[in-house]
Amino acid sequence: MSDGVYNVLFLCTGNSARSIMAEAILNRNGAGRFKAYSAGSNPAGEVRPEALALLKKLNFKTDGLRSKDWSEFAGPDAPVMDFVFTVCDNAAKESCPVWPGQPMSAHWGLPDPAAVDGTEAERQVAFNEAFRMLNTRISIMTNLPMASLDRLSLQKKLEDIGKTTREPA
């Protein structure tokens, strides 16, 4: 584990909504202790406008956010990850690349707001709910006493975080 800044990769299939929001949340709320990235196994090629609009509304930085393939983070020039989280069930079932540095990983699956068909208001509710769940999980993670936990204890806590806030409140 890193002594300084922890590198964190959020994975999803399309890298267009959940993993993008997680990247933005952790980069702001990680207060320099974490550097977040996101990627997808089959990237959509663009970030969902609903995700960008929500992040902007909440005063998150959105410049530089883009839908990208996870292979960008598996090469020799990629940052070494300390943590890798899957935020969708499809990505969790796929064979991920072997990440350099043997990062800790956990599944933090949540419903895909981009898959919601319905009115604009219904889609907005879905994006808001995904944001809320990610924000809660990331807040719990960033408040863990990383330095004082052994690897097994930390792994268990990270897995447990993915089991919290799975359903709307």
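The report below goes from the overall layout to the largest pocket and then to individual residues.

## Basis and overall layout

This is a predicted model, in which local features need pLDDT of at least 70 and side-chain atom pairs count only at pLDDT 80 or more, while totals for chains, interfaces and linings use all residues. Residues are numbered from 1 along each chain as its sequence is written, and side-chain values use heavy atoms, with hydrogens and water left out.

The protein has five helices and four strands, where helices (H or I, at least four residues) and strands (E, at least two) are DSSP runs numbered from the N terminus. Read from the N terminus, these elements follow the order β-α-β-α-β-α-β-α-α. Of the 169 residues in the protein, 46% are buried, a class defined by a relative accessible area under 20%, with exposed meaning over 50% and partly exposed in between (1.4 Å probe, protein chains only). The protein exposes about 8400 Å², of which carbon and sulfur atoms supply 51%; accessible areas come from the Shrake-Rupley method with a 1.4 Å probe, and for residues only the protein chains shown count as cover. Among contacts (heavy atoms within 4.5 Å) with a separation of 6 or more, 73% join residues 24 or more positions apart.

## The largest pocket

The lining of the largest pocket consists of E23, A24, N27, R28, K35, N59, F60, K61, D63 and L65. A pocket is an open set of points, on a 1 Å grid over the protein atoms alone, where a 1.4 Å probe fits, with protein on both sides within 12 Å along at least five of seven lines, and lining residues have an atom within 4 Å of a point. Its volume is about 200 Å³, taken as the space filled by probe spheres set on the points, which are joined across faces, edges and corners.

Helix α1 (residues 18–29) gives the largest share of this lining, four residues. By class, the lining divides into three nonpolar, two polar and five charged residues, with Ala, Val, Leu, Ile, Met, Phe, Trp, Tyr, Cys and Pro counted as nonpolar, Asp, Glu, Lys and Arg as charged, and the others, Gly among them, as polar.

## Buried positions and their contacts

N7 is found in strand β1 (residues 6–12) and counts as buried because its relative accessibility is 15%. A polar atom of the N7 side chain lies 2.9 Å from the backbone oxygen of V80, and, residues up to four places away in sequence not being counted, N7 touches K35, Y37, P79, V80, M81, D82 and F83.

S19, in helix α1, is buried, with a relative accessible area of 0%. N15 is placed in the loop between β1 and α1 and is buried at 0% relative accessibility.

Most residues other than glycine have a negative phi. Phi of N15, however, is positive, near 45 degrees, and phi of N59 is positive too, near 65 degrees. N59 lies in the loop between α2 (49–57) and β3 (83–86) and is exposed, with a relative accessible area of 64%.

K157 lies in helix α5 (residues 151–161) and counts as partly exposed because its relative accessibility is 36%. Beyond four places in sequence, K157 touches L144 and L149.

Notes. A polar contact is a pair of N or O atoms within 3.5 Å; within protein, one must be able to donate a hydrogen and the other to accept it, and residues adjacent in sequence count only if both atoms are side-chain atoms.
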